[in-house]
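Student: I have a model open on my screen and would like to learn how to read it. Could you take me through a few features?

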Amino acid sequence: MTLEVIKRSADGRARAGVLHTPHGRLPTPVFMPVGTQASVKTVSPDELEALGARIILGNTYHLYLRPGHDLIERAGGLHRFMSWGGAILTDSGGYQVFSLGPLRKITERGVEFRSHIDGSKHLFTPERVMEIQMAIGADIAMCFDECAPYPCDHDYAAKSAAMTARWAERCLEAHDGGRQALFGIVQGSVYADLRRKSAADIVSLGFPGFGIGGLSVGEPKDVMYAMLDETVPCLPEDRPRYLMGVGSPDALLEGVARGVDMFDCVLPTRIARNGTVFTREGRIIVRDAAYAEDFRPLDPGCDCFTCRHFTRAYIRHLLKAGEVLGIRLTSIHNLRHLVRMMEEIRESIIDGSFDEYRKETWRVWYNN
């Protein structure tokens, strides 16, 4: 797993590159659609490939509970199980366990939790999570970490980040390397000194890539950007940087501007199921009555399958009628919008126009 940086923006922070994986070359910066349960909701693998996705994300917690990592391993690994030829990253399950609240108990050993499906008891340790991810067989695995809640006090965040570093060492010892890269994760909540300390601790372990976790968990966006300003300069120039769980267009743009290479989020498919879609002029809610007789594409400038074949009026009709095709079409469009946006950002970095692209995007979307 290597990152080849081919061009930086004028200020040297935003960068375009190529991430080399066992399942192909990934132009960066890159947005990764989320396939929580070995499926990006309502979108087939061939549709993902057609809209330009080259890497997707799988969820360790959910795949462990159902259908089980042992079954996936017997099927030949996650790529073969879900018939996906591109790259895959699996998260560690840390965020999902964090979100269980009273259903989990965190100790130095790991996290005891109850399944949200049937209430059964389970234990995730760093060693167990490595075993699960190696069986799943993704190109990139993530260390097991604790995602500290927001808000939390400095003392809690410090202890949490220190434990995440100790867990990272255990993950390294348990992971067998091979064709799967293991990324460390920087924590530290919204405290600049803890972000820098966590970054130093995780970088010292020599991971081939780094996740930035514990952000986009309720803090204001300006605080998230401030934490990126503190964290990213502490990470190696020759390793990929992955901002976990972030996928709104503005956050993608600002993350790239601060030197982030990889992003993922359920946002584009989640809001698509409610009839909300991205356009070059901002979001629209195509379920609204205003679009009942609007025979334009969702976004006239979009090249996705949805926009090349269907109108706002037709898609609104499908959504109002409860037809599954409606949410398939909005999901395809939203994913293509973000994938295309990352393509445009990359091109702007390469041709030296990123600052102009950033300013124009903010002006159009937010009238700034």
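This is a predicted model: local features need pLDDT of at least 70, side-chain atom pairs count only at pLDDT 80 or more; totals for chains, interfaces and linings use all residues.

Student: Let's start with the cysteines. How many disulfides does a search of the whole structure find?

Tutor: The idea is to look at sulfur pairs and ask whether they lie within 2.5 Å. Across the whole structure, that search returns zero disulfides.

Student: Next, empty space. How would I look for it?

Tutor: Rolling a probe the size of a water molecule over the atoms shows where empty space is left. In this model, the count is two cavities of 30 Å³ or more.

Student: What is the volume of the largest cavity, and which residues line it?

Tutor: The largest cavity holds about 40 Å³ of space. Its lining is made of G94, V97, F98, R104, I106, V111, F144, D145, E146, C147 and W167. Two elements, α5 (94–99) and β7 (104–106), each give two or more residues to that lining. The largest share, three residues, is from α5.

Student: How does that lining divide by residue type?

Tutor: There are seven nonpolar residues, one polar and three charged in the lining of the largest cavity.

Student: What about the second largest cavity: which residues line it?

Tutor: This one has a volume of about 30 Å³. Around it sit G35, A38, I56, L57, G58, L78, M82 and I88. The elements giving two or more residues to this lining are β5 (55–58) and α4 (78–82), and β5 supplies the largest share, three residues. By type, the lining of the second largest cavity has six nonpolar residues, two polar and no charged.

Student: How many residues of α10 are buried?

Tutor: Nine of the nine, so α10 is largely enclosed by the rest of the structure. Among these buried residues are D250 and E254, along with L252, L253 and V256.

Student: What covers the buried residues of α10?

Tutor: The cover includes the strands β4 (30–35), β14 and β15 (276–279), and the helices α9 (221–231), α14 (324–351) and α15 (354–366).

Student: And where is R258 placed?

Tutor: R258 is in the loop between α10 (249–257) and β14 (262–265). After α10 you also meet G259, whose phi is positive, near 100°.

Student: Is R258 buried or exposed?

Tutor: R258 counts as buried, at 13% relative accessibility.

Student: What does R258 touch?

Tutor: Leaving aside residues up to four places away in sequence, R258 touches R13, Y225, L228, D229, V232 and R358. For Y225, look at the backbone oxygen: a polar atom of the R258 side chain lies 3.4 Å from it.

How values were computed
Residues are numbered from 1 along each chain as its sequence is written. Side-chain values use heavy atoms; hydrogens and water are left out. On a 1 Å grid over the protein atoms alone, a cavity is a set of points where a 1.4 Å probe fits but cannot get out, and a pocket is an open set with protein on both sides within 12 Å along at least five of seven lines; lining residues have an atom within 4 Å of a point. Grid points are joined across faces, edges and corners, and a volume is the space filled by probe spheres set on the points. Helices (H or I, at least four residues) and strands (E, at least two) are DSSP runs, numbered from the N terminus. Ala, Val, Leu, Ile, Met, Phe, Trp, Tyr, Cys and Pro count as nonpolar, Asp, Glu, Lys and Arg as charged, and the others, Gly among them, as polar. Buried means under 20% relative accessible area, exposed over 50%, partly exposed in between (1.4 Å probe, protein chains only). A polar contact is a pair of N or O atoms within 3.5 Å; within protein, one must be able to donate a hydrogen and the other to accept it, and residues adjacent in sequence count only if both atoms are side-chain atoms. Contact means heavy atoms within 4.5 Å.
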